[in-house]
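Let us walk through this structure together, one step at a time. Please have a look at the picture and the sequence first.

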Amino acid sequence: MHAIPSGDTGLLADLQGASSQFLRFALGDGIFAVPIDAVREILELGPSTPLPLMPAFVRGVMNLRGAVVPVIDLAARLALPPAVPGRRSCIIVVEVPPSELSDHGAQVIGLMVDAVHEVLDADAQQLEEPPALGNRIDPRFMAGIARHRGDMVPVLALSRTLALEELADLIGQPLAA
């Protein structure tokens, strides 16, 4: 199990102060969500170009209207079993805000998921801190938990899950200045 790093209460406050809508999607047998403000578009699963020497969670790159966009298998990135492309699989194109450690601007990244379900509304009273124990994924990747129709839906902190510095370390490449 993972422990929540001390002093990490700001993510839930940021989540409560931002949009109260979240895109709910499936990864394997789990349900997750991301803030709708980060979602640029949702695409059918299409061709991507694999890149050599990349970790398993990097599926390759795709051409998005002339822009090269990396495609990440979100399940594999979260240390869950890798996604198996299926009929309902799709790419959620997100814009990841720069981290406080980065000089780089926002990054556009495609997230391969098993299915997109809906946009859900959650007010501040329906959002809670992620528990320190019993999580399927590293708690530092979660901004909070949204209660929705009796279910608990982990809301991902994209700025941490897809932090450019950490991804570069995992890939083994220095960041270009």
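This is a predicted model: local features need pLDDT of at least 70, side-chain atom pairs count only at pLDDT 80 or more; totals for chains, interfaces and linings use all residues.

A residue is called buried if its relative accessible area is under 20%, exposed if that area is over 50%, and partly exposed in between, using a 1.4 Å probe and protein chains only. Residues are numbered from 1 along each chain as its sequence is written, and side-chain values use heavy atoms, with hydrogens and water left out.

Let us begin with the whole chain. The protein chain has 177 residues, and 45% of them count as buried. Its fold contains four helices and 11 strands; these are DSSP runs numbered from the N terminus, where a helix is H or I with at least four residues and a strand is E with at least two. A contact means heavy atoms within 4.5 Å. Among the contacts in the protein chain with a separation of 6 or more, 59% join residues 24 or more positions apart.

Now to the inside. In soluble globular proteins, nonpolar side chains tend to be buried together. A nonpolar core here is a set of buried Ala, Val, Leu, Ile, Met, Phe, Trp, Tyr and Cys residues joined through side-chain atoms within 4.5 Å. The largest such core holds 30 residues, and the members that touch the most others are Phe25, Leu27, Val94, Leu111 and Leu162. At least two residues of this core come from each of β1 (21-27), β2 (30-35), α2 (74-77), β6 (90-96), β7 (107-113) and β10. The largest share, four residues, is supplied by β6. Take leucine 27 as an example: leaving aside residues up to four places away in sequence, its contacts are Phe32, Leu74, Ala75, Leu78, Leu80, Met112, Val113 and Asp114.

Next, follow strand β10. Six of its seven residues are buried, so β10 is mostly covered. Two strands pair if DSSP finds at least two bridges between them. β10 pairs with β9 in the antiparallel sense over two bridges, and leucine 127 has alanine 146 of β10 as its bridge partner. β10 and β11 also run antiparallel, joined by six bridges; here isoleucine 145 stands opposite proline 154 in β11. The hairpin of β10 and β11 has two residues between the strands, and in this hairpin arginine 149 takes a positive phi near 50 degrees.

Which other residues have a positive phi although they are not glycine? Most residues other than glycine have a negative phi, and most peptide bonds are trans. Arginine 65 has a positive phi of about 50 degrees; this residue is found in the loop between β4 (58-64) and β5 (67-73) and is exposed, at 66% relative accessibility.

Finally, let us turn to charges. Side chains of opposite charge can pair when their charged atoms come close. A salt bridge is a side-chain nitrogen of Lys or Arg within 4 Å of a carboxyl oxygen of Asp or Glu, and by this rule the count comes to seven. One of them joins glutamate 118 and arginine 149, at 3.3 Å from N to O. Glutamate 118 lies in strand β8 (residues 115-121) and arginine 149 in the loop between β10 (142-148) and β11 (151-156), so the pair links distant parts of the chain, 31 residues apart. Glutamate 118 is buried at 18% relative accessibility, whereas arginine 149 is exposed at 66%. Arg24 joins Glu118 and Arg149 in a network of salt bridges.Another salt bridge links glutamate 128 and arginine 147, whose closest N and O atoms are 2.6 Å apart. Glutamate 128 lies in strand β9 (residues 127-128) and arginine 147 in strand β10, so this pair ties together parts that are 19 residues apart in sequence.

One last contact involves a ring. A charge sits over a ring if NZ of Lys or CZ of Arg is within 6 Å of the ring centre and within 35 degrees of the ring normal. The charged end of arginine 77 sits over the ring of phenylalanine 57 in this way, 5.7 Å from its centre.
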